[in-house]
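This report describes selected side-chain contacts in one protein structure. Please keep the sequence and the model in view while reading.

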Amino acid sequence: MSVLLLLLSALVLIYLGIGGTTAATVLTIATVIGLFQDHWHLLSIICGGGLLALALILVLPGDLRLDKLSRPLLGWVRSRLPSLSDTEAEALKSGSVDWDGELFSGDPDWKKLLDARPAHLTSEEQAFLDGPVEKLCAMLDDWKITHEQYDLPDKVWKFIREKGFFGLIIPKEDGGLGFSNTAHSEIVMKISTRSVSAAVTVMVPNSLGPGELLMHYGTDDQKHHYLPRLATGEEIPCFALTSPVAGSDAGAIPDKGIVCKGEWNGEEVLGLKVTWNKRYITLAPVATLIGLAIKVYDPDKLLGGSDDIGVTCVLIPRETEGVSAGARHLPMNTVFMNGPTWGTEVFIPMDQVIGGQYMLGKGWTMLLECLSIGRSISLPALGTGAGKVASLATGSYAYTREQFGRSISQFEGVQEALEPIAGYTYMMDAARLLTAGMLDRGVRPSVPSAVLKYRNTDLMREVINHAMDVVAGRGVITGPRNFLARAYQAVPIGITVEGANILTRSLMIFGQGAIRCHPYIVEEIEAAGMDNEDEAVRKFDGIFYRHLAHTTRNALRALLLGLSRGWLQSVPRQGEIQSGYRQLARFSAAFALMTDVTLLSVGGGLKARQRLSGRMADCLTHLYYATAVIKQWHEEGYPEDQRPLVEWSLQTCLRDLQAAMRDAIINFPVPLLRWPLRLLVFPLGATGLNGPDDRLGAQVAESIVKDTPLRQRISRGAFVTMDPEDSLGRVLNAYKLAHDTEDMRHRLHQAVRNRNEDEVDGIALLMGHQRKELVDWACAEGVVKADECDQLQEALTALYDVIRVDAFEGDGLKALSRCAKGKRKVVERPPQD
């Protein structure tokens, strides 16, 4: 009995998170009570007393625990912790932890999520969206941009400069607009619904680029000189990181700067002789100011330190002698300026190092800090924009397109494709806004930024593919009428750049998050790396036993919440989605347990276990997106019309989360741990989370078909035009006319179906384009009223126009080819490329 009471008490204390002297007191009392029950039997005294002594050593710090347990454990932990390169170590120090830390904790604080200041726009920011952004979108003709001009028109470049689009985030005192990260995201998203080429042109100077780096790290002189010029577009910036042979491996950057003396503006100064060869650099062909990531070396010891100084960020004016740029890449039929830049032994003074000479060797930290911001905004906004325009256009097209006498939006097969378009767009928007809110609170979300970039670009691909399935032949014919083609072609860009999705999923998200967001691992790594052994043991002693209790607690929580289907978890009552909260709490505990088991059993081999790391990244992603949906619904006041989307999103995330967790367990690289993990995580089996049913799916599909406030909410922030000569406006105009004439068209179809062919000769033989004859017959027969005839004629004309596609005469295609050829020229090739 003494042993049983001791163990039960220990489990309860661990579950409740109680330690220290309180836990020691409770354990002692429980053991004494047990000994009384056992009548102080000798075996009971030996077993109970021995376990109590061990428990007290674990619970209470002291020299015995320090020397006999902590010291040898530290040696074992050192052998299990992953070895980190210099760049990985810098990555762990960069950024900050926010809601992602709660998901890794195993017991998320829902109040922290719901009370966090949300993403919001000021009246000035909203006015900019309603004014200059709206006007810019109206100026853009994406077909002409991508197939005739191969560039933004001169008037668009001029407008972007004059209205401050290049200075969205630059402070007002430096000549910029000083907008929030949320405004930056909304602006990029809206432009992307019109033209990816224009959106990328605007987003790059405002994300990873000299402007962002100068704001945070530049010297006062650099800020005063460059920021106003960047804000007005007098300087066009680019930032060159990727090298042909290095790719995403920053540690392998071959581009270099050698510390030396040289001439600058007629004076001999200390500086760098820079050699680089970069490619895939957005805005490089037109940039007047080139930012570079290079490795700096000091072979002559002019700085008096190490030969190898490290990654450094520098600025090189385009007109500097030896700089080469101007050639262009053409990324998947988008025409934003992108190309290589290179130079050999180009001399720059130390003043051109961002932050000055003091920041030599600190470039990787600078880049990581800024990447966590840019990656949180640019591509996630593009992905969300694609979802919104696909929802708006495809929902409209599905409603207007008729087959077999009814709208194809009523077909279950079409609804099955519309469902994820609406649901995933809602999820992307919620995750985008959750992360933008973090940024505006001053958080640098290194892990959420990777999650958001990976998932939003991946869901963009899903959404656009489903939209193409619905639009079918109308979507595969290239031409100015096609409202999906350019988005479809641009999908691989978002998936590839700023860290390819394979790399981001299989290495970055969990590999970085498991350590960066864990409540104890970072401190344990620091303790293991300390030179003073006694200090290392003391620091480790203060952490490891809390870590042990944390892991045990999450194991208990995973088991008990799995057995109870989450009913033992206390959750908020707002929104009446307690079931979703409980399941998320359950899987958060399971995820935290799996994280600890992975780190302890796989350790430094995690980098080679990329399938496991990828599955665990998927778990975190689904947790993050589900909670983002909850946060967004909370901020909007729990409107009931959004409930189907919220339920669909939660059920989809939980289904996919369960599948990812199950796959991680059954393929766990340590076979002996598979059954224990399966028992703890899925004590009742991996069942019960089957995703949305058909009824809910039909409701979600309907949300982008019916003309309701919910449809407007899903597409909120997209550019909208009703111009029937515009690719998007054509389908939106037809959608409106179809709604306005729904009753007339129903009467017409009924009359045609019920006609007596002997009395109504020829009606059955009318072609689809013979609308006037059909309407004339309907008016003559009294099927529609006289005052309805013109309106019906207009609607039928618009509905037919929607399904028409572009056709080119042979000479017309040759003219397009000649136009494109005129934009090409032979250019000098960069070295080694």
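## The disulfide

The count of disulfides, each a pair of cysteine sulfur atoms within 2.5 Å, comes to one. In general terms, a disulfide is a covalent bond between the sulfur atoms of two cysteines. Here Cys779 is joined to Cys789, with an S to S distance of 1.8 Å. The two cysteines are 10 residues apart: Cys779 belongs to helix H31 (residues 771-780) and Cys789 to helix H32 (residues 789-803). Helices (H or I, at least four residues) and strands (E, at least two) are DSSP runs, numbered from the N terminus.

Exposure is described by relative accessible area: buried means under 20%, exposed over 50%, and partly exposed in between (1.4 Å probe, protein chains only). Cys779 has a value of 26% and is partly exposed, whereas Cys789, at 10%, counts as buried.

## Basis of the model

The model is predicted: local features need pLDDT of at least 70, side-chain atom pairs count only at pLDDT 80 or more, and totals for chains, interfaces and linings use all residues. Residues are numbered from 1 along each chain as its sequence is written, and side-chain values use heavy atoms, with hydrogens and water left out.

## Salt bridges

A salt bridge is a side-chain nitrogen of Lys or Arg within 4 Å of a carboxyl oxygen of Asp or Glu. The whole structure holds 37 salt bridges. One of them connects Lys278 and Asp255, at 2.9 Å from N to O. This pair links distant parts of the chain, 23 residues apart: Lys278 is in strand E3 (residues 267-282), while Asp255 is in the loop between strand E1 (237-240) and strand E2 (256-264). Both Lys278 and Asp255 are buried.

Another salt bridge, between Glu647 and Arg643, has an N to O distance of 3.6 Å. Because these residues are four apart in helix H25 (residues 643-666), about one helical turn separates Glu647 from Arg643. Glu647 is partly exposed at 23% relative accessibility, and Arg643 is buried at 18%. Lys706 and Glu702 also form a salt bridge, their closest N and O atoms being 3.7 Å apart. Lys706 is partly exposed at 43%, as is Glu702 at 39%. Elsewhere, salt bridges link Glu186, Lys388, Asp429, Arg432, Glu636, Arg713 and Arg716 in a network.

## Aromatic rings

A pair of aromatic rings is described by the distance of the centres and the angle of the planes. Rings of Phe, Tyr and Trp (its six-membered ring) pair if their centres lie within 6.5 Å; planes under 30 degrees apart count as stacked, over 60 as edge-to-face and the rest as tilted. The whole structure contains 15 aromatic pairs. Among them is the edge-to-face pair of Tyr399 and Tyr735, with 5.5 Å between centres and 70° between planes. Tyr399 lies in helix H15 (residues 363-400) and Tyr735 in helix H29 (residues 727-740), so the pair links parts of the chain 336 residues apart. Tyr399 is buried at 11% relative accessibility, and Tyr735 is buried at 4%.

The rings of Trp633 and Tyr638 have centres 5.1 Å apart and planes at 80°, so this pair is edge-to-face. Both Trp633 and Tyr638 are buried. Ring pairs also join Phe128, Phe159, Phe165 and Phe179 into a cluster.

## Charges over rings

A charge sits over a ring if NZ of Lys or CZ of Arg is within 6 Å of the ring centre and within 35 degrees of the ring normal. Arg582 lies over the face of Trp567, 3.8 Å from the ring centre. The charged end of Arg678 is over the ring of Trp675, at 4.6 Å from its centre.

## A contact of a loop residue

Pro480 is in the loop between helix H18 (473-476) and helix H19 (485-496). With a relative accessible area of 36%, Pro480 is partly exposed. Although Pro480 and Asp726 are 246 residues apart in sequence, their C-alpha atoms are 8.2 Å apart in space.
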